[in-house]
Amino acid sequence: MATAAATTTTAAKAAGMPATLGFLLQWVNEKVKRTHPVDDFDPQTWSDGTLFVALVRAMKPDAFPDGCALTAATQRLSACFSLAEQEFGIPPVLSVDKFSSNTSEDITAYITEFVHNENLAKLGKGHNAKAIALEKQKLEAETAYLQKKIAEQKKQQEEKEARITALHKQQEELQAENEQQERQHAAQAAATAEEARTIDQRAAQRREELEIQLREAEELRHKQEETMRAAHALEEHRQALAQQEEMAREQAQDLQRVREEMCRQIQQRAQEAQQLQLMQEEAQRREAEVHGRMRPAAFAWKTASKPKQHCCNELTLTRKLINFLNRKNNGAKRPGARWPRQRRAAVH
């Protein structure tokens, strides 16, 4: 236990505590005799009341019998504070219901009263007046020092509370400003959403218009393609017509040449027919001279009837000659065609 007390004192000095607080921690550890030493007077450490019960039992062993059941922290604290007031005359300055509202200085002052009570009890058992006076001076100095520290701690606590109040006020102002900004942001978000919806609607309308324009452009493209195909077909038809026209022109030229050739041949045949007629007339004249010598009467009768027959034979010969030239130009020959005997002999 002495080692635990020395450790507590060393820890208090290392933490920057005054010698009086280290002495109190050492005194508390000597009284409560716990496995883990007490190293501070924080309200969280003393809030369950077990340290106060152990301290009161150390001061008065028969204070809490074993059969006394103190299950709740408030029961233990209330019982300890009441017994300390009754037995040792220590007023209950600590709050029980809101023990966390107590400060470390409050707990330190309360524990100091236990130390004073023990010292006074020791002095009352046979110490001389001088020692008592010195102890009283020492206790009074310690009490004054502790009260001064408590006052400083309270002042610091008040300053902390003032700063906390100011911080709370700033926090409230910031919260109000944040709420206002949130409302503004919500309004801006709503406006942005509305604008986005409007933009979406416009975009949808624009998409529909573009789709209509695309369909119209596609239809126009199809019409253009059909027009181009029709123009191409018309051009092909025009070219075919031009070719046909060229062929017709060539055929017309060929026909003209054939016609000219036929006219030339007809003229030639006509000239040959005239020569033939002249030759026939010359032959008839000679024959007439011969027959005139032999039979003048018969020759006169034949001569009177011959010109008509001769004219018919010339017309028939001309027609046959034209037909022959036509068949020759067309590449055809009438089978079995024969010249009349008289004309065949004349031609030969």
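Does Tyr 110 count as buried or exposed, and at what relative accessibility? What is the value for Tyr 110? At 1% relative accessibility, Tyr 110 counts as buried.

Start with the whole chain. The protein chain has 9 helices and 0 strands. From the N terminus on, the order of elements is α-α-α-α-α-α-α-α-α. The chain counts 348 residues, and 20% of them are buried. Residues 24 or more positions apart account for 56% of them.

Next comes confidence. The mean pLDDT of the protein chain is 77. A value of 70 or more is reached by 74% of the residues. Among the elements, helix α5 has the highest mean pLDDT, at 87. Helix α1 (residues 2–14) has the lowest, at 40. Over residues 1–19 the pLDDT is below 50. Beyond near neighbours in sequence, this stretch has 20 contacts in the model. Residues 342–348 also stay under 50. For them the model has 10 contacts beyond four places in sequence. Where pLDDT is low, the predicted coordinates should not be read in detail.

Now the aromatic rings. A pair of aromatic rings is described by the distance of the centres and the angle of the planes. How many aromatic pairs does the structure hold? The structure holds 8 aromatic pairs. One of them joins Phe 41 and Trp 46, with ring centres 5.9 Å apart and planes at 15°. Planes under 30 degrees apart count as stacked, so the pair of Phe 41 and Trp 46 is stacked. Both residues are buried: Phe 41 has a relative accessible area of 6%, and Trp 46 stands at 0%.

Phe 81 and Tyr 110 form another aromatic pair. Their centres are 5.2 Å apart, and the angle between the planes is 75°. That makes the pair edge-to-face, as the cut-off is over 60 degrees. This pair links distant parts of the chain. Phe 81 lies in helix α5 (residues 73–88), and Tyr 110 lies in helix α6 (residues 104–123). The two are 29 residues apart. Phe 81 is buried, with a relative accessible area of 3%. Tyr 110, at 1%, counts as buried as well.

These residues belong to a wider group. Ring pairs link Phe 41, Trp 46, Phe 52, Phe 81, Phe 88, Phe 99, Tyr 110 and Phe 114 into a cluster.

Is Glu 118 buried or exposed? At 12% relative accessibility, Glu 118 counts as buried, because the cut-off for buried is under 20%. Leave aside its neighbours within four places in sequence. Glu 118 is then in contact with Trp 27, Lys 31 and Met 59.

Salt bridges come next. A search of the whole structure finds 15 salt bridges. One of them pairs Lys 60 with Glu 87, the closest N and O atoms being 3.7 Å apart. This bridge links distant parts of the chain. Lys 60 is in the loop between α4 (50–59) and α5, while Glu 87 is in helix α5. They are 27 residues apart. Lys 60 is partly exposed at 22% relative accessibility. Glu 87 is partly exposed too, with a relative accessible area of 42%.

Arg 238 forms a salt bridge with Glu 235, with the closest N and O atoms 2.2 Å apart. Why are Arg 238 and Glu 235 separated by about one helical turn? They are 3 residues apart in helix α7, so about one helical turn separates them. Arg 238 is partly exposed, with a relative accessible area of 47%. Glu 235 is partly exposed at 31%.

The side chains of Glu 272 and Arg 269 also meet in a salt bridge, at 2.9 Å from N to O. These two are likewise 3 residues apart in helix α7, so they are separated by about one helical turn. Glu 272 counts as partly exposed at 35% relative accessibility. Arg 269 counts as partly exposed at 23%. Elsewhere, salt bridges that share partners join Lys 60, Asp 62 and Glu 87 into one network.

Note on methods:
Residues are numbered from 1 along each chain as its sequence is written. This is a predicted model: local features need pLDDT of at least 70, side-chain atom pairs count only at pLDDT 80 or more; totals for chains, interfaces and linings use all residues. Side-chain values use heavy atoms; hydrogens and water are left out. Rings of Phe, Tyr and Trp (its six-membered ring) pair if their centres lie within 6.5 Å; planes under 30 degrees apart count as stacked, over 60 as edge-to-face and the rest as tilted. Buried means under 20% relative accessible area, exposed over 50%, partly exposed in between (1.4 Å probe, protein chains only). Helices (H or I, at least four residues) and strands (E, at least two) are DSSP runs, numbered from the N terminus. pLDDT is the predictor's confidence in each residue, from 0 to 100. Contact means heavy atoms within 4.5 Å. A salt bridge is a side-chain nitrogen of Lys or Arg within 4 Å of a carboxyl oxygen of Asp or Glu.
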